[in-house]
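My entries follow in the order I looked things up.

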Amino acid sequence: MVTRLKTNEDDFNINLNDMKRVSIKDIAQKVGVSNATVSLVLNGKEKQGRVSKDMAERIRQVVREMHYQPNRLARSLQSGKSQTIGLLVADISNPFFGTLAFYVQNELEKAGYAVIIMNTNESDTQMGKMIELLRSRQVDGFIIVPTEFGEEYIRQLLEANLPLVLVDRCYPDMETANVLIDNYQATREATRLLLDKGCKRIALLIYDNSQPHMAERKRGYVETLTQAKVYDKNLIKAVNYRTLEEDIQYAVTCLVKQEKDVDGILFATNTIAIMGIKSLLNMRIRIPDEIRIVCFDKSDAFDFMPVAIPYIHQPIANMGRKAVEILLEEIENKANKAVNCQLYASLIQPME
């Protein structure tokens, strides 16, 4: 049996009309002003055009009522800009990068830009592909969390004089705009906390790569323990991003079973920390009674733990805002700005 649905033709036509794109001309006709007056208000230039405050507000009200959406393609053809920014992050599953993307997008939307967010998965090859794709989309600028060995792709952007800001990491030998934290000082404070709590055998779990921010975290750890005369290079365990879970489990097992006097662990990232804490709990290690820990960045998982976890708080919101601020200035001036913006990260010690 076939059932035919009855369609009201008039209703169907009304729906189609409702879906029609609203133009500046439509708004002008409803308000009773010229297209130019509407355009001035939409572009925030009502004062220059001597549009009264009441009329500007009336136009904005009609814009909201009619659900007007600007034609980005037309604007880009007129201005030579796509009003779009490319954001490349290293690992979108990491809460740090997800939060960073949130603040970057929020700030750019305030400035009238759309954001294309892409994940490189810590691969320089993937980073190169994503940059090429974004260039084909003619984005107006880039905010990039760079991968290891990705210098050539950044050099190509600089040679093309495309606005660019690196966040969280940088390439020290390249003159780029950077927004970073003081990783060295932050790690010194975290290591000093463990020493102050009575730890003598403090391990470090860190990524096995050559990126400067990891090198600075390692340097802060090594120098602090060296000054305290308790440094042991065997307590540094490097883990690989591609085999992270297995490497961390193996490293924690070695520290607990072979280095039986280990009483503190510094985790160099929150992803390493979560997996490391999981391994410690699976081995029935009591935190902080048997081993004290400190890590970079807070994880929501900490809220479900029976003990307080000290951590380095990175100012992610400020990092996102500064990156956008510098990038927009580059776009406005049509020139790259080699500025190094370094922000302070604070050590958070919850009540035990």
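**Contacts along the chain.** I started with contacts between residues at least 6 apart in sequence. Of these, 69% join residues at least 24 apart. I note here that the model is predicted.

**Overall dimensions.** I looked up the radius of gyration next. The protein has 27 Å, whereas a compact globule of 352 residues would have a value near 20 Å. I then took the box along the principal axes. The C-alpha atoms fill roughly 80 × 65 × 40 Å. I counted 13 helices and twelve strands in the secondary structure. Of the 352 residues, 45% count as buried.

I picked I27, which sits in helix α2, residues 24-31. Is I27 buried or exposed? I27 counts as buried because its relative accessibility is 0%, and the cut-off for buried is under 20%. I listed its contacts, leaving out residues up to four places away in sequence. I27 touches V22, V38, I59, V62, V63, M66 and Y68. I took one of these pairs further. I27 and Y68 are 41 residues apart in sequence, and their C-alpha atoms are 8.4 Å apart in space.

**Cavities.** I searched the whole structure for cavities of 30 Å³ or more and found two. The largest cavity has a volume of about 190 Å³. I wrote down its lining: 20 residues, with N94, F97, R169, Y207 and T269 nearest the centre. Which elements give two or more residues to this lining? They are α6 (95-110), α10 (212-227) and α12 (270-282). The largest share comes from α10, with three residues. I sorted the lining of the largest cavity by class as well. It has six nonpolar, eight polar and six charged residues.

**N94, by the cavity centre.** I went on to N94, one of the residues nearest the centre of the largest cavity. N94 is placed in the loop between β1 (84-89) and α6. The relative accessible area of N94 is 9%, so N94 is buried. I then looked for a partner for its side chain. A polar atom of the N94 side chain lies 2.9 Å from the backbone nitrogen of F96. Beyond neighbours within four places in sequence, N94 is in contact with N270 and T271.

S123 lies in the loop between β2 (114-119) and α7 (124-136). A polar atom of the S123 side chain is 3.4 Å from the backbone nitrogen of T125. Setting aside neighbours within four places in sequence, I found S123 in contact with T147 and R242.

**The second largest pocket.** I turned from cavities to pockets. The second largest pocket has a volume of about 300 Å³. I counted 15 lining residues, and the closest to the centre are T99, D297, K298, H313 and I316. The elements giving two or more residues to this lining are α6, β10 (311-313) and α13 (316-333). Which element gives the most to the lining of the second largest pocket? α6 does, with four residues. By class, I get seven nonpolar, five polar and three charged residues in the lining of this pocket. I also note that α6 is among the elements giving two or more residues to the lining of the largest cavity.

D297 is not a glycine, yet its phi is positive, about 70°. D297 sits in the loop between β9 and β10. D297 counts as buried because its relative accessibility is 8%.

I found another positive phi at D168. Its value is near 75°, and this residue is other than glycine. D168 is placed in the loop between β4 (164-167) and β5 (177-181). With a relative accessible area of 5%, D168 is buried.

Which residues does a cis peptide bond join? I287 and P288 are joined by one, with omega about 5°. P288 is found in the loop between α12 and β9 (292-296).

Note on methods. Residues numbered from 1 in each chain as written. Heavy atoms only, no water. 1 Å grid on protein atoms, 1.4 Å probe; cavity = no way out; pocket = protein on both sides within 12 Å on 5 of 7 lines; lining within 4 Å. Points joined across faces, edges and corners; volume = space filled by probe spheres on them. Nonpolar A, V, L, I, M, F, W, Y, C, P; charged D, E, K, R; others polar. Buried < 20%, exposed > 50% of the residue type's maximum accessible area, 1.4 Å probe, protein only. Polar contact = N/O pair within 3.5 Å; in protein donor to acceptor, adjacent residues only side chain to side chain. Contact = heavy atoms within 4.5 Å. Rg over C-alpha atoms; globule rule 2.2 N^0.38 Å.
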